[in-house]
Each structure stands twice: as C-alpha cells, then as structure tokens.
Amino acid sequence: MKKEIYLNSIYSGNVEYCYGLKTAINKSLVEGRLYLSFEGLEGDECADLRHHGGFERALHQYPSEHYAYWQQKYSSIMDWVVPGMGENLSSNGMTEETVCLGDRYQWGEAVIEVSQPRSPCFKLNKRWGIDNFSADMQQVSRCGWFYRVIQAGMVSVDEPLILIAQEPNAMTLREVCDIFFGDPLNQNKLLMLKQQRKLSESWKCKVIARLESQEVERWDFRLLGHEETL
C-alpha cells in the first residue's frame with residue numbers, strides 16, 4: 001500500500017472581487033512549509049462558506065492532466081493552466097479513475113482523507129467565460145476532489161502523499177460521479193453510495209433524500225448561478 005505521489009505544486013488564495021463576483025478561485029503558488037489545519041491551508045480563504053470549504057472540503061485537488069482535455073475541447077481559450085480550477089493541490093498520476101473515497105494519505109506531518117468529488121458550480125463558468133462549463137465538467141466526471149483533514153500539521157510540496165489506508169469496499173471517484181451526477185435516481189446504485197462510510201455528510205444526505213423522495217435535488221443555482229425555477 002505504500003504508494004507515494006509527489007505533488008506538482010501547492011496553491012492558496014484570498015477572497016477578491018473578480019469575474020463579476022466575490023471569489024477566492026484565483027490561487028497563488030505557495031513555496032516552503034506551511035500549516036494545514038482542519039479547515040485548510042494556512043492563508044487560504046473561502047468566499048462562500050455555505051457551499052465551499054469546511055471540515056469535509058478543506059483541500060481541493062485537481063489533476064493537471066485534465067487541462068489538456070479542456071484545451072482540446074475549448075481551443076479558443078489559451079490560458080488553460082494550473083491552478084485555473086481554484087485547486088489547492090496540483091498533481092500528475094492521480095485521477096478520478098484511480099483515487100477512491102476514503103483513501104487516506106500521510107502528507108508531511110498531516111493526514112488527509114478523500115471525502116467527495118467536487119460539485120462543479122457556476123463560478124467556473126464565470127472564471128472561464130463559458131456558460132455551461134460547470135455542466136460540462138460534471139458530465140465527464142473531471143471534477144477533482146476534496147479532502148478532510150484527519151491530523152493537522154506542517155506540509156510542503158517536497159513531501160509526498162503516501163497512501164496509508166484504503167476502504168475495503170471503496171468506490172473510485174469516477175464511479176461516484178457517474179452515479180451521483182450521471183444516474184442520480186438508480187436505486188441500487190444509490191444504495192451502494194449510501195454504504196460508503198467515508199462519503200461526506202452533505203453528499204450522503206442528498207443520496208438519502210433521493211432514495212426517500214425519488215427526486216433529484218435541483219441543480220439550477222449550483223450549475224448556472226440563478227435561482228431555481230419550477
């Protein structure tokens with residue numbers, strides 16, 4: 001299990017007004033060691049604590065491999081470069097196909113654990129000037145993922161992510177996305193998701209609500225940025 005992955009880079013950002021909204025999506029390179037608390041990297045801010053951040057979304061990682069895909073799909077945009085998705089961690093060799101819910105890593109003095117895929121939102125549309133970019137990201141399951149922090153401590157880009165624990169029935173993040181976004185009312189698959197012990201509480205609550213109501217929560221505001229319509 002002693003799999004080691006070195007990160008390409010670490011990023012942190014401050015809340016500012018840009019792209020027509022308040023956001024901390026613009027991140028800057030961090031060098032040297034810094035403290036990772038249970039709420040995230042030292043100095044990293046969040047503009048919307050209701051929908052972003054918190055203990056189960058303390059860190060966002062996005063595979064750098066995905067940028068080539070977006071460059072090919074939207075070739076008229078030339079600046080498809082890290083950290084354009086607002087990620088804290090940039091990597092090669094870790095994707096939604098290989099990373100699983102509950103994967104636990106030693107990182108420097110800290111321990112982090114995969115809690116959920118990212119739910120793409122309309123701020124990505126604003127950032128890239130593409131109306132349906134968040135929906136496109138959701139459809140192809142190239143969302144990146146979040147970590148909860150199990151043990152706080154000092155971290156740096158020079159220290160690898162070392163896989164130290166994995167759930168026995170763990171689903172890959174691609175499998176999770178394909179159910180949650182792509183087949184959202186499949187009862188058998190939702191029951192499988194419900195059994196994932198390490199799935200974040202916010203996603204698990206949505207899974208349970210779907211099972212009980214046979215309806216999918218509305219995605220209008222998250223994906224498009226306007227209020228839900230009947």
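A salt bridge is taken here as a side-chain nitrogen of Lys or Arg within 4 Å of a carboxyl oxygen of Asp or Glu, and by this rule the count comes to 13 salt bridges. The model is predicted: local features need pLDDT of at least 70, side-chain atom pairs count only at pLDDT 80 or more, and totals for chains, interfaces and linings use all residues. Side-chain values rest on heavy atoms, with hydrogens and water left out, and residues are numbered from 1 along each chain as its sequence is written.

Glu56, Arg104, Glu113, Arg148 and Lys198 are linked in a network of salt bridges. Strands (E, at least two residues) and helices (H or I, at least four) are DSSP runs, numbered from the N terminus.

Accessibility is classed as buried (under 20% relative accessible area), exposed (over 50%) or partly exposed (in between), with a 1.4 Å probe and protein chains only. Arginine 148, at 12%, is buried, whereas glutamate 56, at 24%, is partly exposed.

Glutamate 113 is buried at 3% relative accessibility. Its salt bridge with arginine 104 has its closest N and O atoms 2.8 Å apart, and arginine 104 is partly exposed at 23%. Glutamate 113 also meets lysine 198 in a salt bridge, at 3.5 Å from N to O. Lysine 198 lies in the loop between α5 (187-194) and α6 (201-213) and glutamate 113 in strand β11 (residues 110-117), so the pair ties together parts that are 85 residues apart in sequence. Both lysine 198 and glutamate 113 are buried.
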